[in-house]
Amino acid sequence: MQVLIKISSNLKKYLIFYSIGAIILGWYLGVQFSNFVMGYKAVFSKLIVFFVFFMIYPMMININWLKVKNIAKDPKAVLMSIFYNYILTPIIAFILAKLFIHDEELFLGFLLVMLIPVSSSSVGYTGIVKGSIEVASIAQAINFLLIPVLTPIYFHFIGKGVSIPIPMEQIFKSLLYVVILPIILGVLTRWGLIKAKDENILIKLKPLFSFITLISMLFIIFIIFFLKGKMLLAKVHLVIILGIITLIYLIIALLLETYLNKKIGLSYEEHMGIVFLSTGKNNGTAVAIASLAFGPMVAIPAAVLPIFQIIFLIAYIHMENLIRKYFKNK
């Protein structure tokens, strides 16, 4: 377990470099072995679903769903996270996509990843900056539960504005495989572990869960660029455009959320409890839904976004003292 702790710590610390490495390696091999990719595209698409399941499943084991009842004490922070994820973010994302993205598949892919909140690292980031872990855990659980409810509704309306048919049945199936099933099995696994041992077993297994989540995410990124390596080589400008749009979104979202959270009276701890899960996106889940319901091209934004997401959220972490002072000033 000590080895896993060291590996997981290293993966988290240098995640941006590992992500870039997965992109470069996947892209290079995808170009070199493009014929092989075409012959086994269906196999690799199934592999994406496999790895997404094992990215989400450990996260669901770690969530203490009993804490959700604590929202009744002071729901303001959690309600704001829902507002940011499902109202503010879709508005900003739609405007940016309309302004900068002219390829319909990438347009759908960008909106999809923006509608799948709660990055796997959000609670970890909250702990680093001494934010409220309880608020982060409750907000994470509730926002994740809303994904299978709200995503089909949003895409029903998005489909009216594009010529690409929206396969609603496939969207529902993908949500079942990569969101609903991991939640159910995660809850059952958590209950079984606690009943067989005690709650301390979850603390002991946390490094293993973290390792599985991070490794799965890197494999997802690798496979996406492996599948579309040759096509992206001819359209490298699309990756640059997606990067720029992602940066614009993160700047707007972080500034707005910091200002609004102070304005409505949230404490520094509450703010840090929701800001990371309100700006960071669950890229692996978005990749799986895109691959199952649409295709690898729609999954490209979800594979590109983690690089810029990590950079900006880590930069925000380094502004911890400045943000703390901002919230203390009346």
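Biologist: Before we start, what should I keep in mind about the numbering and the model?

Modeller: Residues are numbered from 1 along each chain as its sequence is written, and side-chain values use heavy atoms, leaving out hydrogens and water. As this is a predicted model, local features need pLDDT of at least 70 and side-chain atom pairs count only at pLDDT 80 or more, while totals for chains, interfaces and linings use all residues.

Biologist: Thanks! Why is α4 called oblique to α9?

Modeller: Helix α4 (residues 41–62) and helix α9 (residues 168–196) pack at an angle of about 40°, with axes 8 Å apart. Angles under 35 degrees count as roughly parallel, over 145 as roughly antiparallel, 65 to 115 as roughly perpendicular and the rest as oblique. That makes α4 oblique to α9. The crossing of these two helices is right-handed, a word used if the near helix is turned clockwise from the far one by less than a right angle, with anticlockwise giving left-handed.

Biologist: Which residues of α4 and α9 meet?

Modeller: From α4 they include Val49, Phe53 and Tyr57, and from α9 they include Tyr177, Leu181 and Arg190. The residues of this contact divide into 14 nonpolar, 3 polar and 1 charged. Contact means heavy atoms within 4.5 Å.

Biologist: What makes α6 roughly antiparallel to α8?

Modeller: The axes of helix α6 (residues 104–114) and α8 cross at roughly 155° and come within 11 Å. The angle is over 145 degrees, and that makes α6 roughly antiparallel to α8. Leu108, Leu111 and Leu112 in α6 meet Thr151, Phe155 and Ile158 in α8. This contact divides into 5 nonpolar, 1 polar and no charged residues.

Biologist: How do you know whether Asn85 is buried or exposed?

Modeller: Buried means under 20% relative accessible area, exposed over 50%, and partly exposed in between, with a 1.4 Å probe and protein chains only. Asn85 has a relative accessible area of 0%, so Asn85 is buried. Asn85 sits in helix α5 (residues 76–100). Leaving aside neighbours within four places in sequence, Asn85 is in contact with residues including Met114, Asn143 and Lys281.

Biologist: Why does Val129 count as buried, and why does Lys130 count as exposed?

Modeller: Val129 is in the loop between α7 (122–128) and α8 (133–158), and Lys130 lies in the loop between α7 and α8. Val129 has 0% relative accessibility, so Val129 counts as buried. Lys130 has 57%, so Lys130 counts as exposed. Lys130 also has a positive phi of about 60° although it is not a glycine. Most residues other than glycine have a negative phi.

Biologist: And what makes a set of residues a nonpolar core?

Modeller: A nonpolar core is a set of buried Ala, Val, Leu, Ile, Met, Phe, Trp, Tyr and Cys residues joined through side-chain atoms within 4.5 Å. The largest one here has 107 residues, and those with the most contacts inside it are Phe110, Phe225 and Phe276. Helix α15 (residues 296–318) gives the most to this core, with 14 residues. Apart from it lies another core of 7 residues, among them Tyr57, Ile61, Ile201 and Leu205.

Methods:
Axes are lines fitted to C-alpha atoms, for helices over the stretch in contact, and angles run from 0 to 180 degrees between N-to-C directions. Helices (H or I, at least four residues) and strands (E, at least two) are DSSP runs, numbered from the N terminus. Ala, Val, Leu, Ile, Met, Phe, Trp, Tyr, Cys and Pro count as nonpolar, Asp, Glu, Lys and Arg as charged, and the others, Gly among them, as polar.
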